[in-house]
Amino acid sequence: MPIEIPTGLTPELVPLSWLIGEWEGRGRLGAGEAGDEHFGQHVTFAHHGFPYLEYTAESWLCDENGTRLRPLSVETGFWQLDRPLQDADGGPGLAPADIVPAYKSADEVEALRNTDGGFDIVVSVLHPGGIAELYYGQIKGPQIHLSTDAVLRGAHSRDYSAATRIFGLVNGDLFWRWDVASGGTPLAPHASAILRRVAPPENHQQPTE
């Protein structure tokens, strides 16, 4: 289906542009079997003129009819293409980037495609409880596969060693699944959900296939 691309978007965010906006829906904890709890979620992918997306996800427990029961968790992070940094890039800290972005055109971004025809991406996600995840993976069209390269835990954080996440755009809805290794067990289903767009990105370009 057509994907709307916001005008003025930094060229290297175009592969991620179908994520931009606000999404909301429901899912199930665990493998989604009988007895697994229901939850609701509101997700935002926002851009601020930088070559990365800001990500926030607020989740809450709900009953099978969607009635909100109590808060579940919040996570936040950043999504971007995985590529070598250049002198034009900002950071670390408040070191400013050049006015002209490191990648100035779609053709320059196309050169970043990997051998599988997609783009390598890096995602950082911060959780309450002193846990931070660093994911590497690939975005190829409306599909994303991520695996943790590192999980940082505080001295009193719960055991959590690895995770994978899958995202896909299906008939305009955002499907995702999250598998987690924790408590000494291998990767196992942690949660999954289907989210519908509730607020599109601002300042659209003409839709593209």
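Trainee: How many cavities of 30 Å³ or more does a search of the whole structure find?
Mentor: The general idea is this: on a 1 Å grid over the protein atoms alone, a cavity is a set of points where a 1.4 Å probe fits but cannot get out. Grid points are joined across faces, edges and corners, and the volume is the space filled by probe spheres set on the points. Here, the search of the whole structure turns up one cavity of 30 Å³ or more. The largest cavity holds about 70 Å³ of space. Keep in mind that this is a predicted model, where local features need pLDDT of at least 70, side-chain atom pairs count only at pLDDT 80 or more, and totals for chains, interfaces and linings use all residues. Residues are numbered from 1 along each chain as its sequence is written, and side-chain values use heavy atoms, with hydrogens and water left out.

Trainee: Which residues line the largest cavity?
Mentor: A lining residue has an atom within 4 Å of a cavity point. In this model the lining is Gln41, Val43, Phe45, Tyr55, Glu75, Arg165, Phe167, Leu174, Trp176, Trp178 and Leu195. By class, that lining has eight nonpolar, one polar and two charged residues. For the classes, Ala, Val, Leu, Ile, Met, Phe, Trp, Tyr, Cys and Pro count as nonpolar, Asp, Glu, Lys and Arg as charged, and the others, Gly among them, as polar.

Trainee: Which strands each supply at least two residues of that lining?
Mentor: Strands (E, at least two residues) and helices (H or I, at least four) are DSSP runs, numbered from the N terminus. Strand 2 (38-46), strand 8 and strand 9 (173-181) each give at least two residues to the lining of the largest cavity.

Trainee: Let's pick Glu75. Is Glu75 buried or exposed?
Mentor: Buried means under 20% relative accessible area, exposed over 50%, and partly exposed in between (1.4 Å probe, protein chains only). Glu75 has a relative accessible area of 6%, so Glu75 is buried. You'll find Glu75 in strand 4.

Trainee: How many aromatic pairs does the search find?
Mentor: A pair of aromatic rings is described by the distance of the centres and the angle of the planes. Rings of Phe, Tyr and Trp (its six-membered ring) pair if their centres lie within 6.5 Å; planes under 30 degrees apart count as stacked, over 60 as edge-to-face and the rest as tilted. Searching the whole structure gives seven aromatic pairs. One of them joins Tyr55 and Trp79, a tilted pair with 5.8 Å centre to centre and 55° between the planes. This pair links distant parts of the chain, with Tyr55 in strand 3 (residues 53-62) and Trp79 in strand 4 (residues 68-81), 24 residues apart.

Trainee: Why is the pair of Trp79 and Phe167 edge-to-face?
Mentor: Their ring centres are 5.2 Å apart and their planes are at 80°, so the pair counts as edge-to-face. Trp79 in strand 4 and Phe167 in strand 8 (residues 162-170) are 88 residues apart. Trp79 is buried at 2% relative accessible area, and Phe167 is buried at 5%. Ring pairs link Phe45, Tyr55, Trp79 and Phe167 into a cluster.

Trainee: Where is Asn171 placed?
Mentor: Asn171 is in the loop between strand 8 and strand 9. With 72% relative accessibility, Asn171 counts as exposed. Its phi is near 50°, a positive value in a residue other than glycine.

Technical notes: On a 1 Å grid over the protein atoms alone, a cavity is a set of points where a 1.4 Å probe fits but cannot get out, and a pocket is an open set with protein on both sides within 12 Å along at least five of seven lines; lining residues have an atom within 4 Å of a point.
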